[in-house]
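This briefing goes through a protein model by topic, moving from the overall fold to individual side chains. Please keep the sequence and the coordinates at hand while reading.

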Amino acid sequence: MANKILVPQAKEALNRFKMESANEVGVSLKNGYNGDLTAKQAGSIGGQMVKKMIEAYENSVK
């Protein structure tokens, strides 16, 4: 099953967020296909995204 964006208008914001997170962990992403990334690189991007989302949530409930 493929990932499906539930709010299509958020697609560009998600892409910017992903690119920003990749830059923060030192992984170069290109627009389009990035299937040549290692699992470690892809995981570090996803982990950074989750970390930032948790921080944003924690700051919003203070």
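A salt bridge is taken here as a side-chain nitrogen of Lys or Arg within 4 Å of a carboxyl oxygen of Asp or Glu. With that cut-off, Glu-20, Glu-24 and Lys-52 are linked in a network of salt bridges. The model is predicted, and every value below is computed from it.

**Overall fold**

- The protein contains two helices and zero strands, and its C-alpha trace spans about 40 × 25 × 20 Å along the principal axes.
- Of the 62 residues in the protein, 16% are buried, while the accessible surface comes to about 5200 Å², with 57% of that area belonging to carbon and sulfur atoms.
- Among contacts with a separation of 6 or more, 38% are made by residues 24 or more positions apart.

**Helix H1 and its packing**

- Helix H1 covers residues 11-24, and its 14 residues reach 20 Å from the first C-alpha to the last, which is close to the 20 Å expected at 1.5 Å a residue.
- Phe-17, Ser-21 and Ala-22 are buried in H1; seen down the axis of the helix, the buried residues fall within an arc of 135°, so they line one face of H1.
- These buried residues of H1 pack against helix H2, which covers residues 39-60.
- Ser-21, located in helix H1, has a relative accessible area of 0% and therefore counts as buried.
- Once neighbours within four places in sequence are left aside, the contacts of Ser-21 are with Ile-45, Gln-48, Met-49 and Lys-52.
- Just after H1, Gly-26 adopts a positive phi of about 80°.

**Salt bridges**

- The structure holds three salt bridges; as a general point, side chains of opposite charge can pair when their charged atoms come close.
- In the pair formed by Glu-20 and Lys-52, the closest N and O atoms are 2.2 Å apart; this pair links distant parts of the chain, with Glu-20 in helix H1 and Lys-52 in helix H2, 32 residues apart.
- The side chain of Glu-24 also meets that of Lys-52 in a salt bridge, at 3.1 Å from N to O, and this pair likewise links distant parts of the chain, Glu-24 lying in helix H1 and Lys-52 in helix H2, 28 residues apart.
- Which of the categories, buried or partly exposed, applies to Lys-52? Its relative accessible area is 18%, and because buried means under 20%, Lys-52 counts as buried.
- Glu-20, with a relative accessible area of 42%, is partly exposed, and Glu-24 is also partly exposed, at 43% relative accessibility.
- Lys-30 forms a salt bridge with Asp-36, the closest N and O atoms being 3.1 Å apart; Lys-30 is partly exposed, with a relative accessible area of 43%, whereas Asp-36 is exposed, at 53%.

**A nonpolar patch on the surface**

- Val-50, Met-53 and Ile-54 form a nonpolar patch on the surface, and together they have about 270 Å² of accessible area.
- Met-53 belongs to helix H2 and, at 46% relative accessibility, counts as partly exposed.
- Ile-54 is also placed in helix H2, and its relative accessible area of 45% makes it partly exposed.
- The C-alpha atom of Ile-54 is separated by 18 Å from that of Asn-15, a residue 39 positions away along the chain.

Terms used. Residues are numbered from 1 along each chain as its sequence is written. This is a predicted model: local features need pLDDT of at least 70, side-chain atom pairs count only at pLDDT 80 or more; totals for chains, interfaces and linings use all residues. Side-chain values use heavy atoms; hydrogens and water are left out. Helices (H or I, at least four residues) and strands (E, at least two) are DSSP runs, numbered from the N terminus. The expected span of a helix is 1.5 Å times one less than its number of residues. Buried means under 20% relative accessible area, exposed over 50%, partly exposed in between (1.4 Å probe, protein chains only). The arc is that of the directions from the helix axis to the C-beta atoms. Contact means heavy atoms within 4.5 Å. Patches are made of residues with over 30% relative accessible area and no salt bridge: like charges are joined within 9 Å, nonpolar side chains (Val, Leu, Ile, Met, Phe, Trp, Tyr) within 5 Å. Accessible areas come from the Shrake-Rupley method with a 1.4 Å probe; for residues, only the protein chains shown count as cover.
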